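Keep the model in view as you read.

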Amino acid sequence: MRLSLSTSSLVAALAASGGFWLTTPVAAQALDAAGFKQIETAVDALAPKMVAWRRDIHEHPELSGQEVRTARLVAEHLRKLGMEVQTGVGGTGVVGTLRGGLPGKVVALRADMDALPVEEKTGLAFASKQKATYLGKEVPVMHACGHDAHVAMLMGAAEALAGLRAQLPGTVQFIFQPAEEGAPVVADASGKVPSFGAKAMIEAGALKDVQAIYGLHITSNLPSGVVGYRSGPLMAGSDALTIHVDGRGGHGSSPWAAVDPVVASSQVVLGLQTIVSRQLNISKEPAVITIGSIQGGTRYNIIPDSVEMMGTLRTFDEEMREDAKKRIVATAESIAASSGAKARVSFGPVAYPVTTNPAKLTEASLPALREALGGKVMLIPKVSGSEDFSEFQKVVPGFFYFLGAPQKGQDFAKAPSNHSPLFDLDEAQLPVGARSLAALAVDFLKRP
């Protein structure tokens, strides 16, 4: 996941709000000052532990669906806190259950555990040197998206709340999720794509009895210690797409004797751009279609039989999403046919819904979030990155937000972004993230 906020749009948002944009709460805050102070004291005492956890996980990253070591670390920690612990949930997922001393509701907090096939270039003393198998190839692995911090923060929130167990009016579920970045799965013989990530955990019962769920994401695209949020569509829905263009191979000197899939593919790429610029009503919601990979041919003077393209569709409205998919198919097939070639379009395996924060839960959560951040809370523009936290939101109300944590000393406008081999974060924000998650959970439990 990457928070795709342009510097100009973020600066404009900050300027328009006089620095920070705070929503007036529609309901009284349930978590009082004394309760928040207890959480703050408990979390702050765990700051050195969270730094140690984060660095250990960072040095030993694991790809999507391979988070065995990380899951073991998490499970051992939760068991030491006296929680009920389930492992192997939806793959390598872990769920810890903290039952409070008083009866009440059930709320969940979520962190993702997986790393990326990226070669680290940060030069950190605890930089990753790990390698793993990805799509049949050995690749370097790095926590280039901050999931190491997410795990450390949720481990910290879990320990802090476990220490306040007797006072908790309800139950907190700690969900440590694998494969947020998308497991490399393929469809089976019947065309069904195996579930992974949040969806697999849901199918395994991770949200049983849960009434609301909270999650956050570290980003280098916000000032350090600032939370960015919005009600309604926050992050785009994401659909991976593959287009096979089949032609007829031949000699490069005689293209008239062949059907050139390279030329047809080039025309398809250009044609796809007119879907957003000329066919979708982008005054309603924005959309993005990007082709990120084109593979075809083996030699400069040989026209290949086929070309494969891969790309992504990003939308903020489910109706527009389905319309765009139909238009992608029609555009690719028609353009390819015009040159005698054939196009076959498929979507998946990554297919994330729009991450949407319900208005009611958002407004009710803001007072506690503002308290946890010392008022550093601002409304941000929509984000074209995607998150499978959206799968949880399809089942129960869920609130997702961003925490700015660019590398210490770095201007957020210039800091390496999430997914960069140079990505690093401000570890001073680990307690801030843990504090916000813990406060939101307790606030939800105490609200009527």
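Start with a group of charged residues. In this predicted model, a network of salt bridges links Arg54, Arg55, Asp148, Asp424 and Glu427. Side chains of opposite charge can pair when their charged atoms come close.

Look now at one pair from that network. Arginine 54 and aspartate 148 meet through their side chains in a salt bridge, with 3.0 Å from N to O. This pair links distant parts of the chain. Arginine 54 sits in helix α3, residues 47-59. Aspartate 148 sits in helix α5, residues 147-162.

Next, find arginine 110. Its salt-bridge partner is glutamate 387, and their closest N and O atoms are 2.9 Å apart. Arginine 110 belongs to strand β3 (residues 102-112), while glutamate 387 lies in the loop between β17 (377-379) and α10 (389-393), so the pair ties together parts that are 277 residues apart in sequence. Are these two residues buried or exposed? Both arginine 110 and glutamate 387 are buried.

Now turn to aspartate 246 and arginine 344. They form a salt bridge, with 2.9 Å between the closest N and O atoms. Distant parts of the chain are linked here too: aspartate 246 is in strand β10 (residues 237-246), and arginine 344 is in strand β15 (residues 342-352), 98 residues apart. Aspartate 246 is partly exposed, at 26% relative accessible area. Arginine 344 is also partly exposed, at 45%.

Finally, step back to the whole structure. How many salt bridges does a search of it find? The count is 23.

Technical notes
Residues are numbered from 1 along each chain as its sequence is written. This is a predicted model: local features need pLDDT of at least 70, side-chain atom pairs count only at pLDDT 80 or more; totals for chains, interfaces and linings use all residues. Side-chain values use heavy atoms; hydrogens and water are left out. A salt bridge is a side-chain nitrogen of Lys or Arg within 4 Å of a carboxyl oxygen of Asp or Glu. Helices (H or I, at least four residues) and strands (E, at least two) are DSSP runs, numbered from the N terminus. Buried means under 20% relative accessible area, exposed over 50%, partly exposed in between (1.4 Å probe, protein chains only).
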